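I opened this model to look up two things.

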Amino acid sequence: MPYREQIPVDKGFDNTLKLLLEGYNFITNRRNRFGRDIFETRILGGKKAICIAGEDAVKIFYDREKFIRKGAAPKRIRQTLFGEHAIQTTDGDTHQYRKELFMSLMTKERLEDMNKIVKRHLDHTVDTWLDQKNVVVYDEMVQVLTKAACEWAGVPIAKDDIRKRANALQALFDGAGALGSRHFKGRVARNATEGWLKQIVQQVRDGQIEVPQYTALYQMCWFQDTNGTLLHEQLVAVELLNILRPIVAVAVYITFGALALSEHPEEKEKLLLGKDEYLHLFVEEVRRYYPFFPFLMAIVREDFLWNGHDFKKGNLVLLDIYGTNHHEKLWNQPYTFNPERFKGREDNFYDFIPQGGGDYYRGHRCPGEWLTLEVMKVSLDFLVNKINYDVPKQELHYSMNRIPSLPKSGFVIQNVTKVLAE
Ligand code: HEM
């Protein structure tokens, strides 16, 4: 008989309310209580869910033989964040084939393009900040990144529509983890943005819009699925939103980066001196330290035994992202903000997982990770080296049960001036 151990069980018929109340800390709180990196709970109407955290947990979670994603994401996430039939909900060949499409967009040249595009939009936008009393960094970055995302992806956007589209793209990720009106706003935004992009896809396919081959719009419009047919225009819209929406979401990390600069003034000094090398360490620590996605969900493909625990076909499994990025066995003083911890650190696909883990091509790890780093670096470099500003008193607190979290004020800056070129 193979060795078996009982998984600790979290009391309660349905702990969804506790999950909502404890947010990013739900899994960590129970891991600490049980003294284990695995336990069982009940959520989403009493459904059994096994929660796991840590490096070994990431390794098993990204084993394609053991888990599938189809049916794992609740409807409310598909209605806002993902869209129906999006890559996140696919497995096997369909997933791998579509993943290659996403990865093919992330060439060195295209990453450099993004750097230039964001820089240009920031240079234009900053002039409007000079006369404003309060500049809300998050709101401004949502606008800038909407313009940059559309330009980079080849999606035409009318000047008058930018604000409307920016609000909708923001609502898609802001409403995913919410109840009530915030969630409803996300669902309305999904219908509106899919409708908008569907029309554009039709126009590209009818030859009414010409778009460069290297763009996401072109590649997605003419991408052939495993069966050799073009994707339905609705699905092209869904996958295009899988490019536009997360680029705009990088505004959250940039806002946290601005918060880190103000709470750790010595970091700003190091960024002024260390330039590119230190900037890399800094953005990595922003992604590790601050909360974004709390956990991932997958379903057990076939029965298997792991570390003495039975995983049964159909079991729901939650991988703790926030907890793994703060795991005491992986990180020295995990709750201290310290970019230096990334100095000389070997890349490991399983212990640092703000955007998922494992292999990009074979698994569900985020294909936009390099683009995220690029956008964060150019934007934070702009805040450090291209402008001066004051940070007035404001509500900088960020909630651990609002998903995604954000400094409450959105990070307000005042008295913005440009740094004169030497
Ligand atoms: C704020 C920055 C971002 C964060 C925190 C983030 C986080 C994540 C996470 C946690 C996953 C799930 C990994 C998994 O299921 O195993 C994911 C998947 C994904 N991300 Fe990102 N991401 C970001 C930016 C981007 C960008 C810039 C893009 C594209 C331009 C992108 C496109 C995607 C896509 C298409 C997937 C699904 C991949 C798959 O299912 O194979 N993300 N991301």
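**Ligand shell**

I sorted the shell around the ligand first: 18 residues are nonpolar, nine polar and two charged. In this count Ala, Val, Leu, Ile, Met, Phe, Trp, Tyr, Cys and Pro are nonpolar, Asp, Glu, Lys and Arg charged, and the others, Gly among them, polar. The model is predicted: local features need pLDDT of at least 70, side-chain atom pairs 80 or more, while totals for chains, interfaces and linings use all residues. Numbering starts from 1 along each chain as its sequence is written, and side-chain values use heavy atoms, without hydrogens and water.

Next I asked which residues come nearest to the ligand. Of the 29 around it, they are Tyr62, Arg69, His95, His364 and Cys366 (a heavy atom within 4 Å counts as near).

Tyr62 has one at 2.4 Å. For Arg69 the distance is 2.7 Å, and for His95 it is 2.7 Å. H5 (92-104), H11 (233-263) and H14 (369-386) each give two or more residues to the shell. H11 gives the largest share, seven. Helices here are DSSP runs (H or I) of at least four residues, strands (E) of at least two, numbered from the N terminus.

**Iron**

What donates to the iron atom of the ligand? The only protein donor is Cys366 (SG), at 2.3 Å (donors are N, O and S atoms within 2.8 Å of the metal, or 3.2 Å for Na, K and Ca; water is not among the atoms, so sites may look incomplete). Cys366 sits in the loop between H13 (321-324) and H14.

**Sheet**

I found an open, antiparallel sheet of three strands, ordered S4-S10-S9 (pairing takes at least two DSSP bridges). S4 (135-136) and S9 (387-390) are its edges. Val135 has Ile413 of S10 as its bridge partner.

Conventions: Polar contact = N/O pair within 3.5 Å; in protein donor to acceptor, adjacent residues only side chain to side chain.
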